[in-house]
Amino acid sequence: MGKKLLLINTGGTFSSVPSEKGLAPGINLEEIMKTIGPIGEGHSFELKDYASLDSANITPEDWVAIANLVAAAREDCDGVVIIHGTDSMSYTSSMLSFMLQNIEMPVILTGSQLPLRAPLTDAIDNLRCAITAGLSGMLRGVYTVFHQKLILGCRTSKVRTVSFNAFESVNYPLIGEFNAFGMQVLKEPLRRAAFQLSPEYSENIAVLKIFPGMHADIFRYLYDKGCEGVFVEAFGLGGVPFLHNNILEEIDRASSKGMSILVGSQCRYEGSNLDVYETGLRVQESGGIPVFDMTQEATVTKLMWALGRSKEREDVRKSFFTNYVDEVTLPRLR
């Protein structure tokens, strides 16, 4: 018996065409489906042209709208495929992972490095693989498909700007891959509790990348401007200066006022550990909340999502010591 997929088009490079101001989204789903040709037999597709946006212009409001579209599709669809620009796709896949926890069907995001009509485009292969994943009946949850790789949505990160293998699974195994035998599942998909639509979020956050000589009073400025949470990308395993320009003192002050301050590593791989060096231990004593091995995109979206549910610092801290969708590897003893 054939399956039914909802295809949502948000724009991006995938559907772009030349314009006077460079490439801009301009192809709808009907044209896209005619170009990629038939996939299997007996399947049906519901087409939804949600928007025609460069993904740099995707907003949290779009995340909520897309999450609601996906949740509604549970009634009569077996899966959802979302065409999305690559620049912010990792943020969208991470946030949808939190907003659509434990969804019973596959939600697959994909895009391309070249437009659909370009001679060497990767768009056709990426979409065909994404549709294959959506029709497989083997997955549940949010994923990305790119360059013949199947990646957990909350572990997806764009690591290259122009190469076809633009995305990687960071600090987590690949879920699957595509080859001459079709889709090969390498890691069993998640099996958790009942589905929960949770579209709440807060935009009142900031991301700070520590650098030598950085002035510490930035935290006072952010607090005075109503910022509710900050993600600090620290050195190495999570080191923050505490001698000259004592940033730890400002983290302590802001935390004591109720601001949620997360501390992780500037390094993409292997995560942070605030239990190794003096600087990391001082971070925790000052109220910094560790993010362990989460991606930058998952950390940012989880902070927005957690603050949407509660402004209380302790509640946010508990959220970051909870593994909801395999977004984090928590230490065994804490």
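These questions and answers cover the pockets and one surface patch of a predicted model.

Reader: Which residues are the closest to the centre of the largest pocket?
Author: The largest pocket has a volume of about 310 Å³. Its lining is made up of 23 residues. The closest to the centre are Glu233, Arg268, Thr295, Gln296 and Glu297.

Reader: Which helices and strands each supply at least two residues of that lining?
Author: Both kinds of element contribute to the lining of the largest pocket. The strands are β10 (156–158), β16 (229–234) and β17 (260–265). The helices are α3 (89–99) and α8 (296–309).

Reader: How many residues of the lining of the largest pocket are charged?
Author: Seven residues of this lining are nonpolar and ten are polar. The charged residues number six.

Reader: How many residues of the lining of the second largest pocket are polar?
Author: The second largest pocket holds about 150 Å³ of space. Its lining has 13 residues, and Gly12, Thr13, Asp54, Thr86 and Asp87 lie nearest the centre. Two residues of the lining are nonpolar and three are charged. The polar residues number eight.

Reader: What is the accessible area of the nonpolar patch on the surface formed by Leu237, Val276 and Tyr277?
Author: The patch is formed by three named residues, one of them Tyr277. Tyr277 lies in the loop between β17 and α7 (278–285). Taken together, Leu237, Val276 and Tyr277 have an accessible area of about 290 Å².

Reader: Is Tyr277 buried or exposed?
Author: The relative accessibility of Tyr277 is 54%. A residue counts as exposed when that value is over 50%. Therefore Tyr277 is exposed.

Methods. Residues numbered from 1 in each chain as written. Predicted model: local features only at pLDDT ≥ 70, side-chain atom pairs only at ≥ 80, totals over all residues. Heavy atoms only, no water. 1 Å grid on protein atoms, 1.4 Å probe; cavity = no way out; pocket = protein on both sides within 12 Å on 5 of 7 lines; lining within 4 Å. Points joined across faces, edges and corners; volume = space filled by probe spheres on them. Helix = DSSP H or I, 4+ residues; strand = E, 2+ residues; numbered from the N terminus. Nonpolar A, V, L, I, M, F, W, Y, C, P; charged D, E, K, R; others polar. Patch = residues over 30% accessible without salt bridge, like charges linked within 9 Å, V, L, I, M, F, W, Y side chains within 5 Å. Areas by Shrake-Rupley, 256 points an atom, 1.4 Å probe, with all protein chains shown as cover. Salt bridge = Lys/Arg side-chain N within 4 Å of Asp/Glu carboxyl O. Buried < 20%, exposed > 50% of the residue type's maximum accessible area, 1.4 Å probe, protein only.
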